[in-house]
Structures are given as structure tokens and as C-alpha cells.
Amino acid sequence: MTTRPGCPAIIPGVRIGIDARKLHDFGIGTYIRNLLRHLARLDRETEFVVLCRREDALALASLGDNFRMVVETAGNYSFSEQLKIPLVLKRERVDLFHAPHYVLPPLVPCRSVVTIHDCIHLMFPQYLPNRFALWYARGSIGLAARRATRVLTVSESSKRDILRFVELDPQKIDVIYNAYDERFGVEPQEEDVVRVRERYQLHDEFVLYAGNVKPHKNLERLIEAFSLVHKRGLDHLRLVLIGDEISKYSVLRRTVHRLQLHKYVRFLGYLPEETLAVMYRLAGVFVFPSLYEGFGLPPLEAMASGTPVVTSNVSSLPEVTGDAAVLVDPLRPEAIADGIYRVLTDERLRFELRQKGLARARQFSWEQSIHRVRDIYGQVAAAPAVARETSSPAA
Amino acid sequence: MSAACARIRGGVTATHACGWIRSIGISDFMDLSIIIVSYNACADLAQCLQALHDAPPAASHEVIVVDNASTDGSVEVARRWDDVQVIESGTNRGFAAASNIGIRAARGTNVLLLNSDALVGPGSLDAMMSALATHPEASVVGPRLVDGEGRAELSFGRMLGPLVEFRQKRLVRAHARGDKSVSRRVEAMTRRMQWPDWVSGACLLVRREDAEAVGLFDERYFMYLEDVDFCAAIRARGGRILFSPLAEVVHFRGRSGRGAPAATHAAYQRSHIAFYEKRRPWIAPFLRWYLRLKGPSS
């Protein structure tokens, strides 16, 4: 790693636009925040134009003098973004546009890089609000992938999925892994631990889930699995589910009542990151039985915190966790329960997972990843003009 | 002894909701945190705390009083009860901010916000808790509020807009005047279980995860309308608001603001404008204009 703050511009005079309107999204927001933060650290020369919401403009202004904020009010997935974004890019004379989500308006007047995190909208159309949304998602992903000069994605598994849905030259897609926030890697203060333990009443051993709450996160089966573990004799065990849209899925609360677990299951809403970091460390085991992920940040955060992880054997999760997690079939509650039970009862396995998890997590770093993104910006910007014509699928 | 008792009773209430009995008293999750914001109403506060102690809810619970720098000795009054946790906020930061201080200190799975001028009778809180248990889709539960004479208060409604406000105010005024037909109508309305858009913050039970998910109360409101805004935020996240007439709470309405009517009125107007600016920005200028036209008298 030779690049340090103050390194020269990618290519002098090249101006790069980044769409940061989804700054506060769960997964994509994390990606954008880290992208901007690390670009600002790595590069103080290249001019960046950041499209952001009005309320974020002030906070983002601290990134550096080479970052220019442009307020963009067009809604996510709106029709107006298709026209307004190209106009802004034209006005700001942007040479390269990075869309950190699959919406890349076809009228964008310059070279472009698009990050497609996952194909969840295409794999699980039943969770989309209507047929039009599926049509829109399919159209946008296909269009973005073909139109962009380079496509970035966050795991080999996502790359396979993109290639499954879009006919594309595999060479055009680069896999650049996400990483965890450094805050999860440091030992929390003792008084914070005491405070969190007391405030959330976590005196017994507990199983933890954190992430957003959507049907494909498979939390219903997790609750069923927890019930099985409970029946196998670990009846002091608790389950803590953290996610801020739990009230949208009342089926989860129903499941808890159906299985008569309301004394042992606790839902928590949004938690500040410092509290979450403590939660990871306090948990006996972190379970993430998702049916599909683009990357799967929460298991990585848990591993970085030294917590054993039980996760699904599908999608990108085996790739992210490597051999440092217990992999289970997410469709069978018995399998999930078995994984949890093994981790909680086998001291040696737990120790092993902890060591392997810490080592595995260290292999991911935002700095390295964003460094690679920056290199790709350079390659795209420097490519001869004909390169733009290769946007149709290569033979 | 009493804590253990409360725990055992807590087990029974929860089971009452789903008809099941198992391992009574094992849970160490506290079921309910009762948060009372107090500001210069020591007599009411004493009455309120006494009522809670005379007829405590069956669920395991804690009581937290957040005092907004009262000058009438409210803090000393609250400290008379050993099991009441008193937090002094230092300055008068308003109802929303003080409630947030209380929620952040709360340990319970559910949070009850209670005005100091409310009296909770036996069984009311249990009824509210079991409403939450039997309606997993509900995030917030509000009880039927009645005044000292047992007359129902219209403590819930549709999302505020000019038309809704006009209708609500007309009803409330006619009800206060003692208009018989209106009173009968309000009486009938408050006897039905329903899913309104908001319930009053005078007595509001919310699941803590849902309160946390919306970032607690918006502190731009000093007092008034923070409850309507809070409920709107919860609905936006997919939660639902339940009005349950099975629970009844006495609310001596407006006693807490009686000491300084002009200041209370001004606070209401500020909240009123803030609410429209946040939720319906295009109406806000008209509201300002209307309020200026109406003048300072209420």
C-alpha cells in the first residue's frame, strides 16, 4: 500500500461524480459512507462531485476541499432522477460517474462505473411492492450493467448472479469486497459493557441477530430454531433480535407467541453503533440465517468482534465467512438449531471459531477496497475513447 | 419479595394473553418502564405515584420520574417512594426531550409514558399490556381517558390536517360545553376498539424497539403534538396504533399547564407550526397567517 494522504490525483483534470443520495440506507449507505470517507483520506487532489440530499450537504462538506457537494432532490427510483442526474453531471462537467446502486440513467453523458450489490430484487420478486417494480429493477440492472464502462460488485456470488440475469462480458465485472467498520474491532470500555448489560438486561447468555428485517432474512425460522435449542435443554438462553423495521413484520411477534417464547425473545430497534459493538461482544453466538445476501456485513462485524458465527451455506455468506463460521441450511430450522447448539455447548469449537473469525475479518479492509475502486476510476478515465463503445455485450 | 411477586404476577399476565403457563418467574426482562415527566405539579405527581403504588400493574415494572427543574419540590415528593427512580434534567427542556431522557434510561421491554396529572386505576395497565400481547401488529396502545367526572376525552384521531383539526376541535368544544348529543357521540366513539392514526401522549404505551426505531420523540416540540408526530413516525415504519377502551385512565386535563396559561398557549402554537412545517410544509404558511390573524387570545 503506497498511497497515503496527499497522493497525486488519479489523472489530473478528471472530475469524478458520485451519487450519495442513499447515504442513510442500511447496506448501500454504509458502502457510500465508507467510499467517501476513504476516498477523502486517500486522495486530496482529484476533484469529486457528490450528489447528496440537502440535509447531508453540510456534514459531507468536511470531507475536504476537493469534494464539491451538489444538492439533488430527485427521489430514489423516481422518473425525474433519470433526467436530472444527467443534467447535473453535464452542468458540473463530470468526466466519470460512479453510481453506487444499480440506477444508472441511460442519458449519463460520461463514462461510468456502477456498483451492483446484489440481485435480490430479481431473485425474490415476491417481496417487491408490485409487478412494475420488478420490471423497473430488471430494466435498470440490465441497462446499468451494459451501459457502465465497468461494473463493481461485492462478492463472487453476486457476480455469478449478475451474469445469470444479464448477458455481459465477465471481464467487465470486478469483485471488490466490503469490510467492517474499525469500531467493531476495538475492545469496548468496561463501563460501556456494564451499562449495556444493565440497560438491556443481558445477564444470561444470548443468541444475537442484527441486520435489517425483511422476509429473506429468514427470522421466522431463526425463532423456530431458537425454540428447538430451548427445548434441548438450554432454557436459560435468550434471543435478541436487532432491526429497525420489526413492526412491519408482525408475523415475527406472532411466531414468538405461537412458540410461547415471549419471555426469552427480545426485539430491539435501532441501536447506536457503539452499543451494537458491545452487543456483538456480549453475545454467545451470532446467527445470520439469511436466504440471500450480496455480501453480508453483520457476520463479518461479529467475527471482527470475536463472536462465533452461525450462518447460511448459501449465497455470498460462505465466501465472506470462509472457514470461520458454522454453515447451516437456512431452510431447515433443525439445522440452524443444531448449529447454535453445537457452538454453545462445545467450548473448543467456540474458541476455534473465535480465533479463525478474528483472523478472517482482518483480511477485509475498507482502505484496500477503496484503493482498488480508485484504481478502477483511473483505468476507466484513462481508457481510450473507443472503450466506451464496448458497452454492448462482448462476443 | 415484592420484586419476585411482581415477576410471578408478570408471568401470569403474559400467559393470560396467550393461554399458556410455563416457568413462571424466570424471565429477567423487565416488562414495563413507566416514565413520568414532572414539571411543577407536585400534588398531582404525588397522587399519580400513590395510585401506581396502590394498584401496581401485574407485569414486572419500574417507575422513572424525569423532573424538568421544578421549583415546587416535585423531586422531593418523588423521592418519597424508594422504588421510584428520579432523574433531574437540570433545566426545563420540554416534554419530548424529558420523555426521551426517561426512555433512554428505561430497561423495560415496553415503555409507558404517563402524565403526572393522570391516575391509573387497578387493572388499566394490565389491560394495555395484554392489548399489546394480543395484537402483535400494534406498536402503540392508548387507553380511554376520562376526566375527574368520568367524562370521556377524545384522546385519539386521524392524522392532523386543517379539516381534521377543525372537526376535532368542534367536537371537543361542544363536548366541553356539555352538548348532549355530542357527548353521547364521544362516549360511543371512545367505547370502541379502533386503529386511529394517533393516541394522546398523556398515557401512551409503546414497544421500546419501535420507539427506538423512530429515534424516540422529536425534540423540536417543546410540549403538545409530539405524540401525534411520534405516532406518525411509527406508522411510517409499518407500526400500528391501537386505541383500547378496555383500559381506562383518569386524566385531569391541562392541570400541568394551568400555572402559566399564556406560556402554555404559546408553546402549543409553536408546536402547532412546527408540526405543519415538518409534516405538511405547504400548509404551514397558511397556518402562520391564520394564527396571526386570530391574534394572541386563544
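Trainee: Which residues does R207(B) touch, not counting residues up to four places away in sequence?

Mentor: R207(B) touches N110(B), L132(B) and S139(B) when residues up to four places away in sequence are left out. Touching, or being in contact, requires that the C-beta atoms of two residues, placed from the backbone, lie within 7 Å. Please note that this is a predicted model, in which local features need pLDDT of at least 70 and side-chain atom pairs count only at pLDDT 80 or more, while totals for chains, interfaces and linings use all residues. Residues are numbered from 1 along each chain as its sequence is written, and chains are lettered from A and ligands numbered from 1 in the order in which they are written.

Trainee: Where is R207(B) found?

Mentor: R207(B) belongs to strand β9 of chain B, which covers residues 203–207. Helices (H or I, at least four residues) and strands (E, at least two) are DSSP runs, numbered from the N terminus.

Trainee: And is R207(B) buried or exposed?

Mentor: R207(B) is buried, because 25 other C-beta atoms lie within 10 Å. The term buried asks for 20 or more other C-beta atoms within 10 Å of the residue's own, exposed for 12 or fewer, and partly exposed for a count in between, with C-beta atoms placed from the backbone.

Trainee: How far is R207(B) from R288(B)?

Mentor: Their C-alpha atoms are separated by 35 Å, and the two residues are 81 apart along the chain. R288(B) itself lies in α11(B), where it takes part in the contact with α10(B).

Trainee: How do α10 and α11 of chain B cross?

Mentor: Helix α10(B), residues 261–279, and helix α11(B), residues 284–294, have axes that come within 8 Å and cross at roughly 160 degrees. The axes are lines fitted to C-alpha atoms, for helices over the stretch in contact, and the angles run from 0 to 180 degrees between N-to-C directions. The two helices are therefore roughly antiparallel to each other. Under 35 degrees counts as roughly parallel, over 145 as roughly antiparallel, 65 to 115 as roughly perpendicular and the rest as oblique.

Trainee: Which residues meet in α10(B) and α11(B)?

Mentor: From α10(B) come Q269(B), H272(B), I273(B), Y276(B) and E277(B), and from α11(B) come A284(B), L287(B), R288(B) and L291(B). This contact has 5 nonpolar, 2 polar and 2 charged residues. Here Ala, Val, Leu, Ile, Met, Phe, Trp, Tyr, Cys and Pro count as nonpolar, Asp, Glu, Lys and Arg as charged, and the others, Gly among them, as polar.

Trainee: What about chain B as a whole: how many helices and strands?

Mentor: Chain B has 11 helices and 10 strands. Of its 298 residues, 45% are buried. Among its contacts between residues at least 6 apart in sequence, 76% join residues at least 24 apart.

Trainee: Turning to chain A, which domains does the assignment give?

Mentor: Chain A has domain 1 (15–179 + 365–390) and domain 2 (182–362), with bounds from an automatic or database domain assignment. Their C-alpha centres lie 31 Å apart. The contact between them takes 15 residues from domain 1 and 13 residues from domain 2.

Trainee: At what angle do α7 and α10 of chain A pack?

Mentor: Helix α7(A), residues 190–199, packs against helix α10(A), residues 273–282, at about 85 degrees, with the axes 10 Å apart. That makes α7(A) roughly perpendicular to α10(A). D192(A), V193(A), V196(A) and R197(A) of α7(A) make the contact with E274(A), T275(A), V278(A), M279(A) and L282(A) of α10(A).

Trainee: Which residues of α9(A) are buried?

Mentor: In helix α9(A), residues 250–258, they are L252(A), R253(A), T255(A) and V256(A). They lie on the same side of α9(A), because they cover an arc of only 155 degrees around the axis, the arc being that of the directions from the helix axis to the C-beta atoms. The elements that cover them include α8 (219–231) and β10 (265–268) of chain A. Just after α9(A), Q260(A) takes a positive phi of about 60 degrees.
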